[in-house]
Amino acid sequence: MVSTVDPRDGRTRTTDLSETDEAGLEAITGQASQAARWLSGLGRLGRADLLDAIAASLEARRVDLVAAAEAETGLSHARLDQELTRSAIQFRMFGDVLRDGGYLEAAIDHAADTPLGRGPDLRRMLVPLGPVAVFGASNFPFAFSVAGGDTAAALAAGCPAVLKAHPSHPLTSHASAEAIAAAVRDLGGPDGVIAAVYGEQAGRSLVRHPAIRAAALTGSVGAARAIQAAIDERPDPIPLYAELSSVNPIVVLPGAAADRAEQIAEGLFASFTNSGGQLCTKPGLAFVPSDPSGARLVDALREKVAATGGAILLNDRIRAAYEQQATAFEQAGARVSARPQIDADPGFRVAPTLLEVALPGLTAEIADECFGPLLVVVRYDDVAELDAALATVPPSLTGSIHRGPDDDPGVVGRLVDLFAGRSGRIVFDGYPTGVRVSWAQHHGGPWPSTNAVHTSVGATSIRRFLRPLAWQDAPVSVLPEELQDGYTAIPRRVDGRLEPAVA
């Protein structure tokens, strides 16, 4: 049987769910293969309606879903309520992506004479890969799990999604899958459009199954390596799109510290402690000048950390890793600047930690991700030190720069160039936590933050679950309507010219 643990008190409960065996997995993947035909037959606009219906189904079950997630994750009701809203927004956004149609990258080259002879008629667009495996994240029971962006992108692309439920929240995963399946049924859809499997062995078997054509993960580097090892056992490779480890350095320039030290301290504190610091975009390093303004900033930050209570982490494994990592940082030379005393707790509660190190004491051991409410403040004497110091930090999802009116634009430009090569999103005068769901968003970065160039948030994340297909000299009867002459509902490139959609 599958069990669940309440991080608030450490109590374990047995659920009615069972780990998925090989026979169950075979049935689920078979249904997914059949469901792919139904999803494809819906067409873009039909799938857009389905995504809207899924969003409504999730919202209709809000009270029960949030309550289940609160008991399994220890995250606050307000945070989970907002996250469920975000999940609904993701499904609706992909409905807009489908109605726009530009994601198809439709292109037509009519038959024509060329310098190399007669050229055939060619028509190309993106088509679904087939059923995909999605691995739920521990820290986002909705937005990066069963009801998450990977699922929304896969269904939008026309790919059934088989979810490996995260062991930290199996009941939430089951309830989310039921909410999505209910929306499918209401539209006359079959079983297999969405399904969840349980157990580590089921996850490995899932990505080895020949019906699965891609996999997506938000998790650790270790989890990605284990999944990739299972994929490597296949006779035919499939892509794994993984969002992994990130330190998300923040640079506070001297002018910014002088201009708004207390304001930056407040924002930085919220960014590294919200949700127990269990966010992939949590800043782990903050570079702060050693001058009096920087000292004022650190003093304000220290006061906030010292006054806060403990943070509840998602599970005992994360708590143990957090405590071990904090100890490792201290052994590597970082000193404790603030760490409140907290009462003994039967759950997975830890003390937020503020560490300090002076350049050149920053080492690779300290410049590592710590999942949880820990921040290392790196004090620097001269902005010229930053280039070499940031080279110590692993590439990340984000890099942030806080500027003041007196800071040299040339220094800012140099930092932008550095972060452009070592991150996927550059944040100015703000904080990396809070990833907007939008068309322009990019949530990825160089290894080890992700293992691919694609984003896992935003409109273009659909590209992961599509492949190009070209039709040469094809009869009109077999062409998708988006590739037929005279079709104007989506933007297309025709004979080399971009033709916008006509309403």
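Biologist: In which loop is Pro-360 found?
Modeller: This is a predicted model. The peptide bond from Leu-359 to Pro-360 is cis, and its omega is near 10°. As for its place in the chain, Pro-360 is found in the loop between strand S17 (353-358) and strand S18 (374-380).

Biologist: Which residue does a cis peptide bond join to Trp-447?
Modeller: The bond in question has an omega of about 10°. The residue concerned lies in the loop between strand S20 (423-428) and S21. The partner of Trp-447 in this cis bond is Pro-448.

Biologist: What is the value of phi at Asn-248?
Modeller: Asn-248 lies in the loop between S11 and strand S12 (250-252). Its phi is positive, although the residue is other than glycine. The value is near 55°.

Biologist: Which residue just after H3 takes a positive phi?
Modeller: Helix H3 spans residues 77-100 and has 24 residues. From its first C-alpha to its last it reaches 35 Å, close to the 34 Å expected at 1.5 Å a residue. Just after this helix, a positive phi of about 80° is taken by Gly-101.

Biologist: Which strands stand at the edges of the sheet with mixed pairing?
Modeller: This open sheet has five strands, in the order S21-S6-S3-S22-S23. Neighbouring strands are turned by 25° against each other on average, direction ignored. An edge strand has a single partner, so one side of it is left without a neighbour in the sheet. The edges are strand S21 (466-472) and strand S23 (497-499).

Biologist: Which residue in S22 stands opposite Ile-108?
Modeller: Strand S3 covers residues 107-109, and strand S22 covers residues 492-494. The two strands pair in the parallel sense over two bridges. Opposite Ile-108 stands Val-494.

Biologist: Which are the edge strands of the sheet with parallel pairing?
Modeller: This open sheet also has five strands, and their order is S9-S8-S7-S10-S11. On average, direction ignored, its neighbouring strands are turned by 20° against each other. Each edge strand pairs on one side only, and these strands are S9 (194-197) and S11 (240-243).

Biologist: How many bridges join strand S10 to S11?
Modeller: Strand S10 (residues 214-218) and S11 run parallel. Across this pair, Thr-218 stands opposite Glu-243 in S11. The number of bridges that join the two strands is four.

Biologist: Which strands of this sheet does H4 touch?
Modeller: H1 packs on the sheet, where it touches strand S8 (161-164) and S9, and its direction makes about 160° with that of S9. H4 packs on the sheet as well, and its direction makes about 165° with that of S8. The strands that H4 touches are S7 (132-135), S8, S9 and S10.

Biologist: How many residues of the contact of H1 with H4 are charged?
Modeller: Helix H1 (residues 22-60) and helix H4 (residues 149-157) pack at an angle of about 145°, and their axes are 8 Å apart. H1 contributes Leu-39, Arg-47, Leu-51 and Ile-54, while H4 contributes Ala-152, Leu-155, Ala-156 and Ala-157. By class, seven of these residues are nonpolar and no residue is polar. The number of charged residues is one.

Biologist: Why is H1 described as oblique to H5, and what is the angle?
Modeller: Helix H5 covers residues 170-186, and its axis is 9 Å from that of H1. H1 passes H5 in a right-handed crossing.

Biologist: How many nonpolar residues has the contact of H1 with H5?
Modeller: On the H1 side the residues include Trp-38, Leu-50 and Ala-53, and those they meet in H5 include Ile-180 and Val-184. The contact has two polar and no charged residues. Its nonpolar residues number 10.

Biologist: Are H8 and H9 roughly parallel or roughly antiparallel to each other?
Modeller: Helix H8 (residues 254-273) and helix H9 (residues 292-307) pack with their axes 8 Å apart, and H8 passes H9 in a right-handed crossing. Their contact has 12 nonpolar, two polar and four charged residues. The angle between the helices is about 30°. Angles under 35 degrees fall in one class, and H8 and H9 are therefore roughly parallel.

Technical notes. Residues numbered from 1 in each chain as written. Predicted model: local features only at pLDDT ≥ 70, side-chain atom pairs only at ≥ 80, totals over all residues. Heavy atoms only, no water. Axes fitted to C-alpha atoms, helices over the stretch in contact; angles between N-to-C directions. Contact = heavy atoms within 4.5 Å. Nonpolar A, V, L, I, M, F, W, Y, C, P; charged D, E, K, R; others polar. Left-handed = near helix turned anticlockwise from the far one by under 90°. Pairing = 2+ DSSP bridges. Expected span 1.5 Å × (residues − 1). Parallel < 35°, antiparallel > 145°, perpendicular 65-115°, else oblique.
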